[in-house]
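Could you show me around this structure, one selection at a time? I have it open in my viewer and would like to know what to click on next.

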Amino acid sequence: MNTQMKTEQFSVVRNTTTSRGAAVVTAMILIALISVPFWAGRADLRMIIEFAYYLSLAQMWNLLAGYAGLVSIGQQAFVGLGGYMLFVLAIYFNVPPIMAVFLSGLIVALFAIPTALTVFRLRGAYFAIGTWVVAEVYRLGFAQVTTLGGGSGQSLPASIVREIGSGRSEREMIIYFTALFIAVASIGLVYWLLRSKHGLSLTAIRDSEAASDSLGVDIFKTKLAVYVISAGITGVVGALIFLQKLRISPDAAFNLQDWTAAVIFIVVIGGIGTIEGPIIGTLIYFILRGVLADYGSVYMIVLGVVAVVMMLKAPQGVWGFLSKKYDLHLFPVHRRLKAKDELE
Amino acid sequence: MSKLKIQNLTAGYGDFQALFGIDLELNAKETVAIIGSNGAGKSTFMRSIAGLLKNTPDAVQFKGENIGDLPANKVVEKGIALVPEGRRLFPSLSVEENLLMGAYSKRKGPWNLNRIYELFPILKEKRNNPGTALSGGQQQMVAIGRALMSNPELLLCDEISLGLAPTTVKDIYKAFPAIQEDGTTVLVVEQDINQAMAVSDRIYCFQEGRVSLEGKPGEVSKDDIKAAYFGM
């Protein structure tokens, strides 16, 4: 995919040799991942599913905070909403579970519009706290709905579970492929968005709202679109998470630590404002979690120390550091101008 | 008919009023300079025209249309571009991308990347550099180029010589005839009185949010300007 924008003497190119190599490697990894359910064990499958949904959540938070400058600490609102919508659609409207996963995202996106109109009145740190408060309101609200199990939550009825697939391994395979699809689609969506005209304006807004405004960018609409898209995909991921868990409760669904704090850790460690950052961040998070799994609370302390050291020593994250040092761009979204005779 | 007509424009920030009933007119293809000391309300005036500060609809008329209450992103679509004070380049974007952002409004006209590079050849060399890695003068060229990329009929330049060496300022103003040739109406805010006189057809002097002087550069005396500038 070689995007070139012709002018009379110049062409704007974005792909580099590294990025073309990366595309080939990505395709190979994808093929390998598609083959995984046919030879790997159940535990590996579950870990990759979890990896896929954390990666998707991280891509969405990165789009929101890293590109649109909307630092939300309330994304658990949309994970939880997505989860609950899945249960509502599957139990009360007999929607097939996998279809309900995607439909949940659409409903969550609709919920995100009034949410945005509320929290967009706030700026900076107040916006962050505001998003958290909204998530708490959703959590407390769902705890009051007795038909959805109230505070103690509910399980997905066995009949609906059987709708996903007849056997356990079939169900896991279907969830695996859905998770893989969502992760690839999230990366693809962010990549496409950032390479479009909107991507340039998003970066411009992050740099200077006043200057973007006076160049014709409708800041409110752009931010609203990013917020709603990000919420919608986060909702799809939330629905998938609770389809895999088969049980939902307000505390699990609207959990700040699981669905936002961990995701922020991933993005900040990997490299905020880059597509590669969340991928590397998710890898680091899973490696740390695997290594420290047996050490109890030490696990959280180490994660905290890693985060603090990274912020002090390499605030641009692992990928930010590497890409600056070696001029690497695996998913290039920057436009680079080349004179025609320099073009290959 | 005048290109831009400002009628009884008042503006401020919260309780602080910066402009007190400004009246000003700009004819097509004219270059007008606004001079005045710090705090005279010049930048507030430019921000009001650009839509960054809201006003009553009829306070700003552009080509006979009331645009005083339009937001900045709609004002630029009408054909008014602002080179903001302090340049406000996008640090994450390259010179090239900064210029491309100028074309966001997709207005048709004579300006494109090649013409900007003809106007400021140094930007062609630095096109892949981050905008903020350039010298102050070069950054100002990017800011002007970015505004021109929207093909404006009215170009607002707010303090483009601020913080730059006199020779650099001269280099930047050298580009003005090419901009004026295309029929672009230009409104500059300038603290450097000599520069303002040299580049403009008419000047306005602001003092404490009011117009204290209006005239043609050849017709106003130094004493008039001193009185209007300092209120002496």
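Here is a short tour of a predicted model, with stops in chain A and then chain B.

**Stop one: a helix in chain A.** Select residues 124-143 of chain A, which form helix α5. This helix has 20 residues and reaches 29 Å from its first C-alpha to its last, close to the 28 Å expected at 1.5 Å a residue. Now colour its buried residues: A:Gly130, A:Thr131, A:Ala135, A:Tyr138, A:Arg139 and A:Phe142. To see what these buried residues pack against, show α3 (76-92), α4 (97-119) and α11 (250-253) of chain A.

**Stop two: neighbouring strands in chain B.** Switch to β9 (202-207) of chain B. Strand β3 (residues 31-36) runs parallel to β9(B), and five bridges join the two. Click on B:Ile35 and you will find its bridge partner in β9(B), B:Cys205. From B:Cys205, step across to B:Leu213, its bridge partner in β10(B). Here β9(B) and β10(B) run antiparallel, again with five bridges.

**Stop three: the turn of the hairpin.** Two residues lie between β9(B) and β10(B) in their hairpin. Select B:Glu208 in that loop: it has a positive phi of about 45° although it is not a glycine. Is B:Glu208 buried or partly exposed? It counts as partly exposed, because 14 other C-beta atoms lie within 10 Å.

**Last stop: another positive phi.** Go to B:Arg87, in the loop between β6 (80-83) and α3 (95-102) of chain B. B:Arg87 is not a glycine either, yet its phi is positive, at about 70°. This residue is buried, because 25 other C-beta atoms lie within 10 Å.

Terms used
Residues are numbered from 1 along each chain as its sequence is written. Chains are lettered from A and ligands numbered from 1 in the order in which they are written. This is a predicted model: local features need pLDDT of at least 70, side-chain atom pairs count only at pLDDT 80 or more; totals for chains, interfaces and linings use all residues. Helices (H or I, at least four residues) and strands (E, at least two) are DSSP runs, numbered from the N terminus. The expected span of a helix is 1.5 Å times one less than its number of residues. A residue is buried if 20 or more other C-beta atoms lie within 10 Å of its own, exposed if 12 or fewer, and partly exposed in between; C-beta atoms are placed from the backbone. Two residues are in contact if their C-beta atoms, placed from the backbone, lie within 7 Å. Two strands pair if DSSP finds at least two bridges between them.
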